[in-house]
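Q: Can you walk me through the charged pairs and a helix contact in this one? Keep it short, please.

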Amino acid sequence: MRQAHSGIAKLLLLEHPRHLLSSLALGQLVGQVDRLWNAEAEAAARADYWVGKVQSIRRFANKNKDTRAPYKPLLLLWLIGRLAAGHSTEVSFKESEQDLKQLMRGHRLGRSVRVAFPFVYLGSDPELWRVKDSSDNDVSKMPQQTKESSVFLRQEAVGSLAPEFELALHDPHVRSRVVNALLHLEFPETLHEQILQEVNLGHLVAREHSPRDPRFKNVVLRAYEERCSFCGYDLRLGGSPVGIDAAHVQMRSKGGPDRIENGLALCVQHHRLFDFGALGLDQDHRILVSEHLNLSEQESAERIKDLVGARIRKPLRRYRLPAAEHIDWHSKNLFKHPAR
């Protein structure tokens with residue numbers, strides 16, 4: 001590739017004889033192109049390295065990587081947001097606990113959120129994050145009872161991004177690649193924009209969409225006759241459906257296939273609520289509505305209440321309904337229990 005770029009520079013000059021330069025000037029130009037190419041290659045390699053690092057953070061208590069583990073990625077996204085805003089990424093547990101608890105509660109698994117776990121255990125990846133006590137001891141290597149004690153952590157624990165990682169994140173290209181890698185690790189794409197806003201990165205990072213089989217959308221929308229399978233919404237503009245998505249029941253990044261048995265046609269609103277865990281399905285394909293979804297007395301809330309226990313609209317006869325294993329995954333990893 002390096003030789004190719006040098007050759008391109010030479011050819012561009014030789015195609016225009018009246019602009020021929022001396023051999024010395026030509027050599028300088030080729031050298032400049034080579035330096036730019038090398039700089040770009042080094043930047044790309046640096047971004048690849050840190051993307052690989054965040055993709056390999058230890059997030060699983062068992063070997064089932066289809067399970068979601070969103071808390072360490074959320075902690076890293078929050079820290080990158082602090083860095084981008086000009087704040088220090090050296091932060092005490094006491095100072096960060098409430099902000100992190102609020103962020104993690106919105107994307108929680110189960111009923112409780114313990115900020116201590118990601119704050120401490122991300123320290124097992126010291127190239128990314130380090131946690132020390134007031135005597136400069138590594139908190140992540142302390143006995144379990146100590147390092148999981150909120151009292152101890154509030155008094156002693158201070159975390160900081162590893163210096164090389166922090167330095168790399170000052171490069172906007174590296175930062176964007178790393179942030180998008182973290183988003184795609186654990187979160188449905190419909191939530192990426194919201195999360196970027198929550199960690200103050202919405203104005204700095206452009207979202208990247210992961211590739212998917214283009215046939216998936218066509219098959220799902222055809223199967224459900226281009227209508228929302230929850231509410232029947234089917235508006236069109238110029239004959240084309242507007243605001244109807246082909247939604248995955250099980251996230252693609254968590255093993256969910258681009259197949260009809262993992263798909264639903266949903267309007268934009270219900271797609272977002274489904275991915276956020278406010279809506280779900282039981283094994284009889286009845287719609288679940290989370291008790292944690294605050295419903296007012298407005299008309300829009302009444303329409304959500306009407307979904308409780310309703311069966312989804314079935315696809316055309318030759319297409320399969322969402323499969324039990326994908327519904328089970330959504331129930332365990334996205335839906336916010338209990339249901340109403």
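Q: Asp-171: buried, exposed or partly exposed?

A: Asp-171 is partly exposed, at a relative accessible area of 21%. The classes here are buried for under 20% relative accessible area, exposed for over 50%, and partly exposed in between, with a 1.4 Å probe and protein chains only. Bear in mind that this is a predicted model, where local features need pLDDT of at least 70, side-chain atom pairs count only at pLDDT 80 or more, and totals for chains, interfaces and linings use all residues. Residues are numbered from 1 along each chain as its sequence is written, and side-chain values use heavy atoms, with hydrogens and water left out.

Q: Which side chain does Asp-171 meet in a salt bridge?

A: That of Arg-46, at 3.3 Å from N to O. A salt bridge here is a side-chain nitrogen of Lys or Arg within 4 Å of a carboxyl oxygen of Asp or Glu.

Q: And why does that pair tie together separate parts of the sequence?

A: Because Arg-46 is in helix H2 (residues 23–55), while Asp-171 is in the loop between helix H8 (163–169) and helix H9 (172–186), parts that are 125 residues apart in sequence. Helices are DSSP runs of H or I with at least four residues, strands are E runs of at least two, and both are numbered from the N terminus. Arg-46 is partly exposed too, at 36%.

Q: How many salt bridges does the structure hold?

A: It holds 15. Another one joins the side chains of Arg-59 and Glu-186, 2.7 Å from N to O. This pair also links distant parts of the chain, 127 residues apart: Arg-59 is in the loop between H2 and helix H3 (71–84), and Glu-186 is in helix H9.

Q: Are Arg-59 and Glu-186 buried or exposed?

A: Both are buried. Together with Lys-254 they are linked in a network of salt bridges.

Q: Switching topic: at what angle do H3 and H9 cross?

A: Roughly 155 degrees, with the axes coming within 10 Å. Axes are lines fitted to C-alpha atoms, for helices over the stretch in contact, and angles run from 0 to 180 degrees between N-to-C directions. H3 and H9 are therefore roughly antiparallel, a label for angles over 145, with under 35 roughly parallel, 65 to 115 roughly perpendicular and the rest oblique.

Q: Which residues of H3 make the contact?

A: Pro-73, Leu-76, Leu-77, Ile-80 and Ala-84, facing H9 residues that include Arg-175, Leu-182 and Glu-186. Contact means heavy atoms within 4.5 Å.
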